[in-house]
Amino acid sequence: AILLLAPVVQAQSPASLEDMERRLEQLEMQQYDKNRNWSDRISVNGFMSYGITRHDVHVRDGNGDPIEYIDRTTDKVSHRELSRAGVQFNASISDQTSATVQILARGKDHYDAEVQWAYLSHDLSPSVTMRAGRMVLPFFMHTQYNNVGYAYHWATLPGEAYDVVPFDTMEGVDLSWNVNTGPVSHRLNVYGGATDVPSFSLPAPVVYNVSDLTGINLTSQWRDWTSWLSYSHAEVSLDLSPLAVPLAEDLGTTPDVVLPMLAEPVSLDDANTYISSVGLQYDNGSLLLMAERTQLGIEGWFPTKWGGYVSAGYRFGKWLPHVTWGAANAHGVSDAADDGGLAVPFSQANMVRSKSWTVGTRYELSPGIAVKLEAQRFYDMSNEKISTNGLFTPPGGTAMVPAIEEEEPTVYRLTIDAAF
């Protein structure tokens, strides 16, 4: 480094030459210390899940051939639906500042790696922390570790509650404050940002643009009890013009005829949106009780969705058998009838109704590795107002999406989850 700066050094006075040499030596020593202590400043964590699913759901088209929309609608054994792997890097920049990057690859996405987390964190005080970058949205009680299967007792989080919102990351900032009120400890978190959400349930690629996203959540803990409260608001826009061609083919007409039908009644333009969640958990090391309710509401033709579950388990030794009841429902399709056009079928296509019982067990194979086996039986997926396929596909009985044949389908899951 000194040789490269020789022409500059020669033009300096002896005093400035000594000062520059001293600065260069300090920079070289700082770089040497950084290189020498890099292992003290960087930590690496990871998680993996390998899952097998089997369903007794048979979906047929007009020719009697099986149709597969998403992995959970096939009656074949799937090795990808629940399989995933992630690596997280945490680097300490200073005593108050750090950087976090998490890489995630999911089997259902053909193991295409993506950056799930990428943010800077700075401690404004011992109890207040600010983060900025790409983060997981803390909408629900378990979303901060929703991909870390080892962190919860199910093979997968209850879809009735966690499939209500189809996205889990944002680009933005958040602020967390840890405070105690007597024997109760609290963590208050506020955040703001934006994200784009592709829709996979429609016959053409469309994107929900989520802007002006703001939210607040509060986690409180007292002894073996933990409570969760969350509320978020955003503006959602959706351009459905890419659907003109497939809809025209399905209706036997031309895109020019379909486009006016998509324009005003169906498209969303900065629609007010809210997401809420409330949860409660009791865990004394042996008995585990948990309940949560979530809700999504979007202004306009989009139906209001809600979901929830109640779960109970008991640990003895390395075993944790558990049982969970879940339910999801939606309303508001009648409001879309006032808009006319395609608002009604699109509202119906976003409806959901389902109830289920899940019975399973978790076995702690070794510290950091758990094996889970469970069966989930779905029922009551339609009523006199709406006809749906529950959590399996969009509603059945249309030309684009046929109804499944089973009234009460069952899903079987076996997973091996690890955290390291």
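Predicted model: local features only at pLDDT ≥ 70, side-chain atom pairs only at ≥ 80, totals over all residues.
**Entry: aromatic pairs.** I searched the whole structure and got 9 aromatic pairs. Phe139 and Phe140 make a tilted pair, because their planes stand at 50° with the ring centres 6.1 Å apart. I also found Phe139 and Phe140 in one aromatic cluster with Tyr162.

Next I checked Tyr208 and Phe302, which pair edge-to-face, with 90° between the planes and 6.5 Å from centre to centre. Tyr208 belongs to strand 8, while Phe302 sits in the loop between strand 11 (287–298) and strand 12 (304–314), so this pair ties together parts 94 residues apart in sequence. I noted Tyr208 as buried because its relative accessibility is 11%. Phe302 is buried too, at 7% relative accessible area.

**Entry: charges over rings.** I found the charged end of Arg131 over the ring of Tyr119, 4.7 Å from the ring's centre. Arg362 lies over the face of Tyr150, at 4.7 Å from that ring centre.

**Entry: second largest pocket.** I read off a volume of about 300 Å³ for the second largest pocket. It is lined by 16 residues, and the closest to its centre are Met141, Gln144, Tyr145, Thr219 and Trp228. Which elements give two or more residues to this lining? I listed strand 7 (184–199), strand 8 (206–222) and strand 9 (225–238). Strand 9 gives the most, with 3 residues. Sorting the lining by class, I have 9 polar, 5 nonpolar and 2 charged residues.

Key. Residues numbered from 1 in each chain as written. Heavy atoms only, no water. 1 Å grid on protein atoms, 1.4 Å probe; cavity = no way out; pocket = protein on both sides within 12 Å on 5 of 7 lines; lining within 4 Å. Points joined across faces, edges and corners; volume = space filled by probe spheres on them. Helix = DSSP H or I, 4+ residues; strand = E, 2+ residues; numbered from the N terminus. Nonpolar A, V, L, I, M, F, W, Y, C, P; charged D, E, K, R; others polar. Phe/Tyr/Trp six-rings, centres within 6.5 Å; stacked < 30°, edge-to-face > 60°. Buried < 20%, exposed > 50% of the residue type's maximum accessible area, 1.4 Å probe, protein only. Lys NZ or Arg CZ within 6 Å of the ring centre and 35° of its normal.
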